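Subject: A structure for you to explore

Hi there,

Here is the structure I promised to pass on to you. Please open it and have a look around before reading my notes.

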Amino acid sequence: MTILGQNRYESEMKIAIACDHRGYEAKELIKNVLQRSGHEVIDFGTDESKSCDYPDYAIPAALAVARNEAERGVLICGSGIGMSMTANKICGIRAALCHDELTARMSRQHNNANILCLPAIQVNDPLIMKIIECWLTTEFEGGRHERRVQKVMAAERLYQCGNDVGAGPRAEEVKEG
């Protein structure tokens, strides 16, 4: 099924989306195409191309995914790096920065990524749409990959979300705004 045509994906999803000023135009394109494809999109901003700080938008979107208010998320900034780093600070998030269809497919098949991060200044609109379609339609393979993802999540609980040295706040402890 194609995201760009009249057909919808087999299963519509609730998708959180956010960007900074560098990703605004790409976010609007992605949001419109996803909505036309039957997905419910929760837009966490920004709503303009005026300079802004990516964590202000990445955190609320990542929290929505972590809290199961959205099934997946898409974050866009200039390089995709800032959004990816920020999202991965939220417990339960597996954000992947993808530059092509291969990295998008692998992030889903092997890593069960629940947030896709995109570099607005490094990929053109047609490639962004191919990446989105590939990422949304690729299923997690499980098997040996499930064991590996569980090890990553266990490390997150112990060192990032737990009470150990280096522990960060749990998703519910992060104040929005």
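Below is what I found in it, going from the whole chain to single residues.

First, some ground rules. This is a predicted model, in which local features need pLDDT of at least 70 and side-chain atom pairs count only at pLDDT 80 or more, while totals for chains, interfaces and linings use all residues. Residues are numbered from 1 along each chain as its sequence is written, and side-chain values use heavy atoms, with hydrogens and water left out.

**The whole chain**

The protein chain holds 6 helices and 5 strands. Helices (H or I, at least four residues) and strands (E, at least two) are DSSP runs, numbered from the N terminus. Starting at the N terminus, their order is β-α-β-α-β-α-β-α-β-α-α. Of the 177 residues, 49% count as buried. Here, buried means under 20% relative accessible area, exposed means over 50%, and partly exposed lies in between (1.4 Å probe, protein chains only).

**Strand β1 and its partners**

Because 5 of its 6 residues are buried, β1 is largely enclosed by the rest of the structure. The chain then crosses from β1 through helix α1 (residues 24-36) to β2 in a right-handed β-α-β crossover. Right-handed means that, with the strands pointing away from the viewer, the path from the first strand over the helix to the second runs clockwise.

β1 pairs with β2 in the parallel sense over 4 bridges. Two strands pair if DSSP finds at least two bridges between them. β1 also pairs with β3 in the parallel sense, over 5 bridges.

Leaving aside neighbours within four places in sequence, I42 is in contact with K14, I15, A16, I17, E69 and A70. For one of these, K14, the C-alpha to C-alpha distance from I42 is 7.3 Å, although the two are 28 residues apart in sequence.

**Two helices**

Helix α1 has 13 residues and reaches 18 Å from its first C-alpha to its last, close to the 18 Å expected at 1.5 Å a residue. The expected span is 1.5 Å times one less than the number of residues. Its buried residues are A26, K27, E28, I30, K31, V33 and L34, and they pack against β1, β2, β3, β5 and α5 (125-137). After α1 comes G38, with a positive phi near 100°.

Helix α2 (residues 55-66) has 12 residues and spans 16 Å, close to the 16 Å expected. Buried in α2 are Y57, A58, P60, A61, A62, L63, A64 and V65. Among the elements that cover them are β1 (14-19), β3, α3 and β5. Just after α2, N68 takes a positive phi of about 60°.

**Around strand β5**

In β5 (residues 115-119), 5 of its 5 residues are buried. I115, C117 and P119 point one way, while L116 and L118 point the other way.

Which strands does β5 pair with? Strand β3 (residues 72-77) pairs with β5 in the parallel sense over 5 bridges, and L75 has C117 as its bridge partner there. Strand β4 (residues 95-97) runs parallel to β5 and is joined to it by 3 bridges; A95 stands opposite I115. β4, helix α4 (residues 101-109) and β5 also make a right-handed β-α-β unit.

S84, in helix α3 (residues 81-87), counts as buried because its relative accessibility is 11%. Not counting residues up to four places away in sequence, S84 touches A95, L97 and C117.

**A charge over a ring**

The charged end of R72 sits over the ring of W135, 5.2 Å from its centre. To count, NZ of Lys or CZ of Arg must be within 6 Å of the ring centre and within 35 degrees of the ring normal.

Best wishes

Conventions
Contact means heavy atoms within 4.5 Å.
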